[in-house]
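I'm putting the structure up first and then jotting down what I look up.

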Amino acid sequence: STPIKSSAASDVYKRQFDGNGHVVSNLLMNNKKDTYAFNAGLFGYVTSSATIRNLGVSGNLNVASYSGGLVGSNSGIIENCWSDVYLDVFSGESAYRYVGGFAGSNFGTIRNCYSLNDVRSDTYYGAFIGSNEGEITNCFARVQNNVQNFAGLGTIDDTSNHLFLTEQEMKSYDLSLIHISEPTRRTPI
């Protein structure tokens, strides 16, 4: 699958996107050697005018800073989405940072979303979000091999967010309590 608007801030996503419960499968990016390839994800850089909802994504990203499974950097609204994307953003240099299983950085609103896969990075990485300066509510992730925190940097004040200790604990949680449902269709967009 090809990312949607996934490069620099000059190449932004600013529209409404409703995935209608579909899943983008096999997202694959390998830009790790390009240290200027920021904002990697299915959606790279999302502006404040954008809304993304009802979408799942799976795959592997081997990329640079400000990267996440669904979105690299978000200033818009994202709701009812999930990410099962393995992120490898590790170089041995401190240039690689702000990486999350769901989003690299957030300045907007993310609600009713979750992240499942593992994240490898150098600095400021989290199971769900790399860096947060926005609002995150009713979201969850699980503790992973390298990641023991929900956010790499920033404050997550809302107690409706959950970081589960194990995948089994996460699977047994009643998702209706946080109003999330996994898309049932597996049809690629």
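This is a predicted model: local features need pLDDT of at least 70, side-chain atom pairs count only at pLDDT 80 or more; totals for chains, interfaces and linings use all residues.

Which strand is G19 found in? I find G19 in strand β1, residues 16–30. Strands here are DSSP runs of E with at least two residues, helices are runs of H or I with at least four, and both are numbered from the N terminus.

Residues are numbered from 1 along each chain as its sequence is written, and side-chain values use heavy atoms, leaving out hydrogens and water.

**Overall look**

I looked up the elements and got one helix and 17 strands for the protein. Of its 189 residues, 52% are buried. Buried means under 20% relative accessible area, exposed means over 50%, and partly exposed is in between (1.4 Å probe, protein chains only).

**G19 and the cysteines**

Back to G19: its relative accessibility is 3%, so I write it down as buried.

A disulfide is a covalent bond between the sulfur atoms of two cysteines. The cut-off is a pair of cysteine sulfur atoms within 2.5 Å. How many disulfides does a search of the whole structure find? I got zero. For C81, the closest cysteine sulfur is in C113, and 4.9 Å is too far for a bond. C113 is in no disulfide either, as its nearest cysteine sulfur, in C139, is 4.8 Å away. C81 is buried at 1% relative accessibility, and C113 is buried at 0%.

**Aromatic rings**

Next I looked at rings of Phe, Tyr and Trp (its six-membered ring), which pair if their centres lie within 6.5 Å; planes under 30 degrees apart are stacked, over 60 edge-to-face, and the rest tilted. By this rule I get nine aromatic pairs. One of them is Y114 with F140: the centres are 4.8 Å apart and the planes at 10°, so I call this pair stacked. Y114 sits in strand β10 (residues 114–115) and F140 in strand β15 (residues 140–142), so the pair ties together parts 26 residues apart in sequence. Y114 and F140 are both buried.

F128 and F150 are also a stacked pair, at 5.0 Å centre to centre and 10° between the planes. F128 is buried at 0% relative accessibility, and F150 is buried at 9%.

Last entry: ring pairs link W82, Y114, F140 and F164 into a cluster.
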